[in-house]
Amino acid sequence: LYWYAMVSSEDPELLRHFLDFYAGRGIRLAEKGRARLLLHPPLNMNLTTHRLTKNIVNEAFGSAIKKNVREVSDFSSEIKRDGANEFFKTLPKDALLMFPDLDEFFDAPSKDMERTLKKYGAVLGHMVDRVSEDWALRKTTNRPLWLQYPRRCAATAERFHGANTKWMIVPQSVRFATAHHIQSEVRVPPSLPFSHYRFTERSLTLLKKKRDLYRQRGLARNRTEGRAHIY
């Protein structure tokens, strides 16, 4: 099992939980070539959040950090997708890949994922949004995420309908059309639920930055590349 993600370097609180969670699921982050993490924007050691991010990443990846972690100066869904497809080319033919976003925790029961993988050769998931008890955008702390955001709801599903699904595990033979869709033909399995921690204190700030990036790209290049769903 291999792992790829492109994440914001400006949300260290969630990033710590993210890396700890996937290490707990068996992802060998500190094994060279086993994982690839893209950080955007590049780290600036004058910023407190970036210093925190650097410490968290150093701790998770250890001596494999130079091989497994890259900093990128630009962000788009296309860049994220292309990074995943590029990583695919380096993997053995029998490899399986997980490709989560920073707020996506593939926490479906292992037995369900294994059964689906055996039957269909891939695992599809759907987001279950996690929200704080009082519905506020609360700051992420070191407490377990499921205690900080105990409410489970379908806000993303209601807003984006089918766009709330995500391939959780795919074989090396596929290629991504977007972060959420693949180009290859596979038998589509029933989707399994996973936790989506999008509604945190940093959500609005990061959302605005992403919106501004897409606006700039749309104005500078063409009228369609800047269009995007944010979720």
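## Basis of the model

Residues are numbered from 1 along each chain as its sequence is written, and side-chain values use heavy atoms, with hydrogens and water left out. Because the model is predicted, local features need pLDDT of at least 70 and side-chain atom pairs count only at pLDDT 80 or more, while totals for chains, interfaces and linings use all residues.

## Strand β6

Strand β6 covers residues 123-131. Strands here are DSSP runs (E, at least two residues), numbered from the N terminus. Of the 9 residues in β6, 8 are buried, so the strand is largely enclosed by the rest of the structure. Buried means under 20% relative accessible area, with a 1.4 Å probe and protein chains only.

## Partners of β6

Two strands pair if DSSP finds at least two bridges between them. Strand β8 (residues 165-171) pairs with β6 in the antiparallel sense over 4 bridges; the partner of V123 in β8 is I169. Strand β7 (residues 151-153) is also antiparallel to β6, with 3 bridges, and C153 in β7 stands opposite D129.

Strand β9 (residues 192-196) runs parallel to β6, and 5 bridges join the two. H126 stands opposite P193 in β9, and M127 stands opposite F194.

## Strand β9 and its link to β5

In β9, 4 of the 5 residues are buried, so β9 too is largely enclosed by the rest of the structure. Strand β5 (residues 104-105) is joined to β9 by 2 bridges in the antiparallel sense. There, E104 has H196 of β9 as its bridge partner.

Note on methods: Buried < 20%, exposed > 50% of the residue type's maximum accessible area, 1.4 Å probe, protein only.
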